[in-house]
Amino acid sequence: MRFIIQRVTEASVSVDGQTVGSINQGYLVLIGVNGTDTQSEADRLVRKMLNLRIFSDENGKTNLSLKDVDGELLLISQFTLYADCRKGNRPSFVKAGNPEHAKALYEYIIEACRKERPVVQQGVFGAYMKVSLVNDGPFTVILDSDELA
């Protein structure tokens, strides 16, 4: 499982010209699920993401978490995070989880986040989406379940 976390001052996602989710200060999170990911791995990544201290304190040090700044979440499913570009010029997506598995874990992640944060917005699983954001910093962090202890 992979989370691409972008610290934002604002972000939104639209489908067919209609905004389906938008946030102010917080995280835009792109979520990739592979075929072997589990709810346990989702729990670890959600916990890590929510506790990351990547917002600046009064001294300009990245020392505050999402909760500390009353931050919001915009969660977007993105199977292309598992693109394999090692051979040829056309990416392979065989490592991405099948849609049923990926959707179930994506929805599990959304619900887990809603238990912890009051504002959790989302994209539409499997839809063609347009995502807009103002990356604050820019500050982007990658969490990969294969790399977390």
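## Contacts along the chain

Two residues are in contact when heavy atoms of theirs lie within 4.5 Å. In this predicted model, contacts between residues at least 6 apart in sequence were sorted by their separation, and 73% of them join residues at least 24 apart.

## Elements and overall form

The protein chain holds 2 helices and 8 strands. Read from the N terminus, the order of these elements is β-β-β-α-β-β-β-α-β-β.

The chain has 149 residues, for which a compact globule would have a radius of gyration near 15 Å; the value for this chain is 15 Å, which agrees. The C-alpha trace spans about 45 × 40 × 30 Å along its principal axes.

## Surface and charge

Of the 149 residues, 42% count as buried. The accessible surface of the protein chain is about 8500 Å². Carbon and sulfur atoms account for 46% of that surface.

Among the side chains of the protein chain, 17 are positive and 19 are negative. The centres of these two sets lie 5 Å apart.

## The pair Tyr27 and Phe55

A search of the whole structure gives 3 aromatic pairs. One of them is formed by Tyr27 and Phe55, whose ring centres are 5.5 Å apart. The angle between the planes is 10 degrees, and the pair is stacked; planes under 30 degrees apart count as stacked.

Tyr27 belongs to strand 3 (residues 26-32) and Phe55 to strand 4 (residues 55-56), so this pair ties together parts that are 28 residues apart in sequence. Both Tyr27 and Phe55 are buried.

## The pair Tyr106 and Phe125

Tyr106 and Phe125 also form an aromatic pair, with 6.1 Å from centre to centre. Their planes are 40 degrees apart, and this pair is tilted. Tyr106 sits in helix 2 (residues 99-114), while Phe125 is in the loop between strand 7 (120-122) and strand 8 (130-144). The pair therefore ties together parts that are 19 residues apart in sequence.

Tyr106 counts as buried because its relative accessibility is 2%, and buried means under 20%. Phe125 has a relative accessible area of 25% and is therefore partly exposed.

Technical notes: Residues are numbered from 1 along each chain as its sequence is written. This is a predicted model: local features need pLDDT of at least 70, side-chain atom pairs count only at pLDDT 80 or more; totals for chains, interfaces and linings use all residues. Side-chain values use heavy atoms; hydrogens and water are left out. Helices (H or I, at least four residues) and strands (E, at least two) are DSSP runs, numbered from the N terminus. The radius of gyration is taken over C-alpha atoms; the globule rule is 2.2 Å times the number of residues to the power 0.38. Buried means under 20% relative accessible area, exposed over 50%, partly exposed in between (1.4 Å probe, protein chains only). Accessible areas come from the Shrake-Rupley method with a 1.4 Å probe; for residues, only the protein chains shown count as cover. Lys and Arg count as positive and Asp and Glu as negative; His and the chain ends are not counted. The place of a charge is taken as NZ of Lys, CZ of Arg, CG of Asp or CD of Glu. Rings of Phe, Tyr and Trp (its six-membered ring) pair if their centres lie within 6.5 Å; planes under 30 degrees apart count as stacked, over 60 as edge-to-face and the rest as tilted.
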